[in-house]
Amino acid sequence: MSKGKEHHDWILRRCCGSIAACILTLAVVVGFVVLVIYLALHPSKPSFYLQDIQIRSIDLADPALSLDVQVTIASRNPNDRVGIYYKTLHAFTTYRDEPVTVPVSLPAIYQGHKDQSVWSPVMSGDSVPVAPYVADAMKQDIGAGYVLLHVKVDGRVKWKVGSWVSGGYHLFVNCPALLSATGGAFSMSAATAGGGGRNRTTVSLKFTQPSYCTVDV
């Protein structure tokens, strides 16, 4: 009985070891195939560019800053065989590395081969707390007839090859937006909002030209 039990245990161990080895080998082969496909296709990161930005109003009351802007931002998938899923995208505007609008969600989309997509969000920040120098610096820039903002997009992307979809990758986009007075002329007007006593400043700064964005994936 003892020898028979030992023989049975030995066979069981051999079977379990063989099954584990097969599973491990299969996982390695599948991973290797996926890696080969990924390296062969070598997906390129999407390109982004800022088509337009319009300042709708600014409130430069210290120590907070309120800004309403509308932007048009486009992305293009440069890949011939790889699609891109854009997930949980958020866009916001910064001035001198300080956020001046709250993040807004952009619609999640799928972008096919060589496809282009466009988003046109309105971004607002009501009494956004900023460093003490920021409001003064923006007043000076507006008085000089130009403002350099940055429109940023933060989110995640997935690559799609055939029916295979990769895991998520972090996406960060940074678009410089230079606004200046048209033809060197500059005008600024202010209107007091009814009941609130706050000054909403309207500026005549215009977006100079579409700009390409830096993209990190």
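Ring pairs join F48, Y86 and W119 into a cluster. The model is predicted. Across the whole structure, a search finds six aromatic pairs. The disulfide count is one.

**Aromatic pairs**

- F48 and Y86 pair edge-to-face. Their ring centres are 6.1 Å apart, with 85° between the planes.
- This pair links distant parts of the chain. F48 sits in strand 1 (residues 47-59) and Y86 in strand 3 (residues 83-95), 38 residues apart.
- Both F48 and Y86 are buried.
- W159 and Y169 also pair, with ring centres 6.4 Å apart. Their planes meet at 50°, so this pair is tilted.
- W159 belongs to strand 9 (residues 146-161) and Y169 to strand 11, so the pair ties together parts ten residues apart in sequence.
- W159 is buried, at a relative accessible area of 3%. The cut-off for buried is under 20%, so W159 falls within that class.
- Y169 has 34% relative accessibility and counts as partly exposed.

**Disulfide and cysteines**

- C175 and C213 are joined by a disulfide, with an S to S distance of 2.1 Å.
- The link of C175 and C213 is right-handed, with 105° about the S-S bond.
- C175 lies in strand 11 (residues 169-181), and C213 in the loop between strand 15 (211-212) and strand 16 (214-216). The bond therefore ties together parts that are 38 residues apart in sequence.
- C175 and C213 are both buried.
- C22 is exposed, with a relative accessible area of 54%.

Note on methods
Residues are numbered from 1 along each chain as its sequence is written. This is a predicted model: local features need pLDDT of at least 70, side-chain atom pairs count only at pLDDT 80 or more; totals for chains, interfaces and linings use all residues. Side-chain values use heavy atoms; hydrogens and water are left out. A disulfide is a pair of cysteine sulfur atoms within 2.5 Å. Helices (H or I, at least four residues) and strands (E, at least two) are DSSP runs, numbered from the N terminus. Buried means under 20% relative accessible area, exposed over 50%, partly exposed in between (1.4 Å probe, protein chains only). Rings of Phe, Tyr and Trp (its six-membered ring) pair if their centres lie within 6.5 Å; planes under 30 degrees apart count as stacked, over 60 as edge-to-face and the rest as tilted.
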